[in-house]
Amino acid sequence: MHAFVYCLQRALLPALFGMLFATSSLAAPRPPNVILIISDDQGWRDLRCLGREEIITPNLDRLAREGVRATSFYVTWPACTPSRGSVLTGRYPQRNGLYDMVRNDMVNFGHRYSPAEYAVSPEMTLGLDPREVTLGDALKRAGYATGCVGKWDMGQARRYLPLQRGFDFFYGHGNNGIDYYTHERYGVPSLFRGNQRTEEDKGTYVTDVFRREALRFVREQKAKPFFLYLAFNAPHGASSFAPDSEKKPGEKKEGVGVQVPEKYLKLYPNRDPKNGVTRYLAAVTCMDEAIGELLDTLRALGLERDTLVLFMSDNGGSGNGGNAPLKGGKSSMWEGGLRVPFLARWPGRLPANAVTDEFLTSLELFPTLLAATGAKPPAGVKLDGFDMTAVLQGKAKSPRAEMFWERRGDRAARVGNWKWVESARGGGLFDLATDLGEKNDLSKQKPDVAAQMKAKFTAWKREMDASEPRGPFRDY
Ligand SMILES: [Ca+2]
């Protein structure tokens with residue numbers, strides 16, 4: 001008899017659970033999971049589907065086919081830290097206070113830090129102002145499980161690390177970049193699990209580490225809505241120097257560039273494996289494979305339709321990246337520094353295989369994710385973007401009319417299709433509608449437009465200066 005009841009339970013319980021699940025999913029659709037993926041220094045054209053024929057990116061191409069690709073999508077700064085700070089806060093760098101790199105200058109001269117020296121250096125003591133509200137904070141308050149895997153880049157002191165900034169889970173590095181294998185930054189071990197530094201994965205290629213931890217987080221949190229911020233350091237060059245043994249006497253230490261396992265280099269048999277571009281392409285392919293496994297896992301767990309997946313680069317491509325036909329690259333005010341690849345997939349909510357050239361920026365991410373998840377806007381916080389869902393759906397024009405950038409005295413604005421640049425590397429006025437490559441300076445033909453652009457920049461700058469002061473650079 002007991003055996004019979006047991007068999008009955010074994011047969012009926014799964015069916016009962018299945019009915020319960022079906023009923024509850026009909027009654028109240030669960031808020032979507034969100035996976036926000038950021039790559040590092042990947043150029044505007046650096047996916048096969050974006051036109052770089054030689055790159056192998058089947059999984060991101062698939063994401064593009066199954067979702068929306070935005071072709072006029074900008075970041076707020078042409079390099080890592082401030083750009084990523086805006087993604088996490090929804091605010092201009094000049095408003096949230098993180099408007100330059102959190103980076104030790106001496107590494108530029110080949111200096112290798114001792115742990116004690118590093119502990120009191122800017123990379124340890126600076127970070128995103130603790131008063132800022134992050135996407136992790138906002139979504140955690142809405143009941144989400146929140147995880148951060150990869151390059152945090154918002155500071156490494158305890159108060160700056162993800163567990164103190166709205167994330168339940170963190171495995172990654174707090175600083176700007178590491179060696180892909182030793183996970184050191186100029187000699188200092190830099191990976192954290194939670195709040196603790198760890199060397200548990202030393203020797204393992206870090207994209208594979210981030211892949212494993214992202215999959216772990218998704219599998220562990222599949223029962224409740226989750227937010228995964230998956231920030232790769234690939235395909236950025238490694239923050240390490242070639243061994244002294246490879247250095248000639250008196251020679252300046254050189255960075256080792258992009259590191260990548262042989263396996264991925266072999267996918268490019270017609271290219272020189274020692275070439276920096278080859279290693280860059282292969283590092284993107286490795287990251288693409290990790291993203292593919294994440295997408296496969298969502299499908300296997302039945303979460304594909306319940307998950308909004310976003311992908312972008314944190315700034316334009318550097319030396320190895322492909323930004324053409326855009327001008328310039330990382331660190332510049334030209335389109336090649338500021339315009340990045342952007343993909344969004346949400347089956348049933350966003351169209352498949354769609355392309356939008358509407359004017360959008362990373363400032364739109366925060367309000368868009370609040371809207372998608374039903375999270376409340378943080379009280380008393382001025383956000384600089386808007387919910388772009390209707391734009392991605394192709395149902396509305398972008399309400400964005402203007403955007404401004406400032407980096408160390410370099411200044412730029414886009415208003416409509418006009419782009420204005422004043423920088424150490426040149427400037428001018430350009431009509432992006434006819435001159436995407438910013439080749440034809442119209443400032444002499446259109447002095448009135450150039451003057452209006454400059455006036456708008458000045459007004460924006462005045463607004464930033466009048467906003468509540470934020471550290472680490474304007475805490476007064
Ligand atoms: Ca970057």
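What percentage of the 476 residues of the protein count as buried? The answer is 50%, where buried means that 20 or more other C-beta atoms lie within 10 Å of a residue's own, exposed means 12 or fewer, and partly exposed is in between, with C-beta atoms placed from the backbone.

Before you start clicking, know that this is a predicted model: local features need pLDDT of at least 70, side-chain atom pairs count only at pLDDT 80 or more, and totals for chains, interfaces and linings use all residues. Residues are numbered from 1 along each chain as its sequence is written.

**Stop 1: the whole protein**

Show everything as a cartoon. You'll see 14 helices and 18 strands; these are DSSP runs (H or I of at least four residues for helices, E of at least two for strands), numbered from the N terminus. The radius of gyration of the protein is 23 Å, close to the 23 Å from the globule rule for 476 residues, so the protein is as compact as a globular protein of that length. (That radius is taken over C-alpha atoms, and the rule is 2.2 Å times the number of residues to the power 0.38.) Turn the model around: along its principal axes, the C-alpha trace spans about 90 × 60 × 50 Å.

Now think about who touches whom. Two residues are in contact if their C-beta atoms, placed from the backbone, lie within 7 Å. Among contacts with a separation of 6 or more, 64% are between residues 24 or more positions apart.

**Stop 2**

Select residues 58–65, which is helix H2. Colour Asn 59, Leu 60, Leu 63 and Ala 64, the buried residues of this helix. They cover an arc of only 150° around the axis, which puts them on the same side of H2; the arc is that of the directions from the helix axis to the C-beta atoms.

What covers those buried residues? The cover includes strand E2 (68–70), helix H10 (276–300), strand E11 (307–313) and strand E12 (342–345).

H2 and H10 pack at an angle of about 50°, with their axes 7 Å apart. That makes H2 oblique to H10. Here axes are lines fitted to C-alpha atoms, for helices over the stretch in contact, and angles run from 0 to 180 degrees between N-to-C directions. Angles under 35 degrees count as roughly parallel, over 145 as roughly antiparallel, 65 to 115 as roughly perpendicular, and the rest as oblique.

To see the meeting point, show Pro 58, Asn 59, Leu 60 and Leu 63 from H2 together with Asp 288, Glu 289, Ile 291, Gly 292 and Leu 295 from H10. The residues of this contact divide into five nonpolar, two polar and two charged (Ala, Val, Leu, Ile, Met, Phe, Trp, Tyr, Cys and Pro count as nonpolar, Asp, Glu, Lys and Arg as charged, and the others, Gly among them, as polar).

**Stop 3**

Jump to Ser 318, in the loop between E11 and helix H11 (335–338). Is it buried or exposed? Ser 318 counts as buried, with 24 C-beta neighbours inside 10 Å. Leaving out residues up to four places away in sequence, Ser 318 touches Asp 41, Gly 329 and Lys 330.

Pro 325 is in the loop between E11 and H11 too. A cis peptide bond joins Ala 324 and Pro 325, with omega about 10°. For another cis bond, go from Ala 234 to Pro 235, where omega is near 0°; Pro 235 lies in the loop between strand E10 (226–231) and helix H9 (262–265).

**Stop 4: two positive phi angles**

Most residues other than glycine have a negative phi, and most peptide bonds are trans. Select His 183, which is not a glycine but has a positive phi of about 60°. His 183 sits in the loop between strand E5 (169–173) and strand E6 (184–185), and counts as buried with 26 C-beta neighbours inside 10 Å.

Next, pick Arg 408, whose phi is also positive, near 45°. Find Arg 408 in the loop between strand E15 (402–407) and strand E16 (410–415). Arg 408 is exposed, with 11 other C-beta atoms within 10 Å.

**Stop 5**

Finish at helix H12, residues 365–373, where Leu 365, Phe 366, Thr 368, Leu 369, Leu 370 and Thr 373 are buried. Their cover includes strand E1 (33–39), helix H3 (80–89), helix H7 (135–141) and helix H13 (389–392). After H12 comes Gly 374, with a positive phi near 75°.

Val 34 is buried, with 25 other C-beta atoms within 10 Å.
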